[in-house]
Amino acid sequence: MQMERDTYKKEYRRVTVKTTDESTLMGRINIGIKDRVSDLFTKSEALFVVLTDVETREGSGKTLIINKGHIVWVEPGD
């Protein structure tokens, strides 16, 4: 069990995501052991990404699981 915790890393980056339904989402994404946000989309075979502390027109503080196939673009923040 301890070994699994050591291999899982939390490294959050702020991002803005535009989806195919024209929603704009701002939040944080865990890049984990990846070097860059783009690595989540180009070097990972996962079909979904998790966005936390999401801000939308409808509110804020949500956690969303987004299908990568519905993402038009992602802009890394500061």
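This is a predicted model: local features need pLDDT of at least 70, side-chain atom pairs count only at pLDDT 80 or more; totals for chains, interfaces and linings use all residues.
1. The model contains an open sheet of 5 strands in the order 4-3-2-1-5, with antiparallel pairing. Its edge strands are strand 4 (59-67) and strand 5 (71-76), each of which pairs on one side only. From one strand to the next, the twist averages 35 degrees. Strands here are DSSP runs (E, at least two residues), numbered from the N terminus, and two strands pair if DSSP finds at least two bridges between them.

2. Residues are numbered from 1 along each chain as its sequence is written, and side-chain values use heavy atoms, with hydrogens and water left out.

3. Strand 1 (residues 12-19) holds Thr19. It pairs with strand 2 (residues 24-30) in the antiparallel sense over 7 bridges, and Thr16 has Met26 as its bridge partner in strand 2. The hairpin of these two strands has 4 residues between them, and Glu22 takes a positive phi near 70 degrees there.

4. Thr19 counts as buried because its relative accessibility is 9% (buried means under 20% relative accessible area, exposed over 50%, partly exposed in between; 1.4 Å probe, protein chains only). The side chains of Thr19 and Asp21 are joined by a polar contact of 2.4 Å, that is, a pair of N or O atoms within 3.5 Å, where within protein one must be able to donate a hydrogen and the other to accept it, and residues adjacent in sequence count only if both atoms are side-chain atoms.

5. Strand 1 also pairs with strand 5 in the antiparallel sense, over 5 bridges. Val17 stands opposite Val74 in strand 5. Val74 has a relative accessible area of 25% and is therefore partly exposed. Val74 and Thr19 are 55 residues apart in sequence but 9.0 Å apart in space, C-alpha to C-alpha.

6. Strand 3 and strand 4 run antiparallel and are joined by 7 bridges; Val49 has Ile66 as its bridge partner in strand 4. Val50 lies in strand 3 (residues 48-56). With 41% relative accessibility, Val50 counts as partly exposed.

Methods
Axes are lines fitted to C-alpha atoms, for helices over the stretch in contact, and angles run from 0 to 180 degrees between N-to-C directions.
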